[in-house]
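Have a look at the model first.

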Amino acid sequence: MLELKKISKTYNTNNFKQTALNNVSISFREQEFAAILGPSGSGKTTLLNIIGGLDKYDSGDLIINNVSTKLYKDRDYRVGFVFQNYNLISHQSILSNVELALTLGGVSKEERKAKAIEVLTKVGLKDHIYKKPNQLSGGQMQRVSIARALVNDPDIILADEPTG
């Protein structure tokens with residue numbers, strides 16, 4: 001289902017070169033729950049960002065459902081991402097924050113709203129859909145982030161620091 005083949009990623013800043021990932025190879029099965037553990041700075045978030053399509057790798061290959069992501073267009077990426085700091089847009093309602101995940105996929109406005117309400121209801125936030133993020137508790141904001149990750153019915157869900 002998900003396979004990383006010799007993935008490498010290096011960050012270059014002026015004269016400083018930091019290798020975040022060096023020939024990482026790993027496979028994950030369908031419906032497998034896995035935790036990536038390691039000390040701060042060991043490349044965990046970089047790895048999640050690469051799997052989630054938020055960052056590019058320098059070499060190797062990332063394969064999802066037997067298709068290299070090198071062949072993907074943006075709308076092909078169906079990975080849900082629960083961010084450590086929620087990444088909610090403060091001036092938007094939570095409904096709009098969740099709908100935003102559907103806009104790249106070309107989903108109609110009516111369908112976006114219906115799907116967002118459905119998933120917000122599932123995470124227990126139906127009565128809060130028109131509130132702004134600053135009107136919610138930390139736990140509620142986390143559930144908005146989870147709803148946004150689920151709304152596209154992704155094949156893969158990634159969570160950065162999920163216990164936070």
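Q: How many salt bridges does the structure hold?
A: This is a predicted model, where local features need pLDDT of at least 70, side-chain atom pairs count only at pLDDT 80 or more, and totals for chains, interfaces and linings use all residues. Residues are numbered from 1 along each chain as its sequence is written, and side-chain values use heavy atoms, with hydrogens and water left out. A salt bridge is a side-chain nitrogen of Lys or Arg within 4 Å of a carboxyl oxygen of Asp or Glu. The structure holds four.

Q: Which residue meets Arg-29 in a salt bridge?
A: Arg-29 is exposed, at 61% relative accessible area. Buried means under 20% relative accessible area, exposed over 50%, and partly exposed in between (1.4 Å probe, protein chains only). The N to O distance of the bridge is 3.7 Å, and the partner is Glu-32.

Q: About how many helical turns separate Glu-111 and Lys-115?
A: Their side chains meet in a salt bridge at 3.6 Å, N to O. Glu-111 is partly exposed at 39%, and Lys-115 is partly exposed at 31%. Helices (H or I, at least four residues) and strands (E, at least two) are DSSP runs, numbered from the N terminus. The two residues are four apart in helix H3, so the separation is about one turn.

Q: Is Lys-122 buried or exposed?
A: Lys-122 forms a salt bridge with Glu-118 at 3.4 Å, N to O. Both lie in helix H3, four residues apart. Glu-118 is partly exposed at 46%. Lys-122 has 64% relative accessibility, so this lysine counts as exposed.

Q: What is the relative accessible area of Lys-9?
A: Lys-9 sits in strand E1, residues 2–13. Its contacts (heavy atoms within 4.5 Å) include Leu-21, Ile-50, Asp-55 and Tyr-57, not counting residues up to four places away in sequence. Lys-9 is buried, with a value of 10%.

Q: How far apart are the end C-alpha atoms of helix H4?
A: H4 has 13 residues, 138–150. The expected span of a helix is 1.5 Å times one less than its number of residues.

Q: Which elements do the buried residues of H4 pack against?
A: The buried residues of H4 include Met-141, Val-144 and Ala-147. In H2, the buried residues include Ile-94, Leu-95 and Leu-102, and H2's buried residues pack against H3 and H4. Those of H4 pack against strand E5 (79–82), helix H2 (94–103) and helix H3 (109–122).
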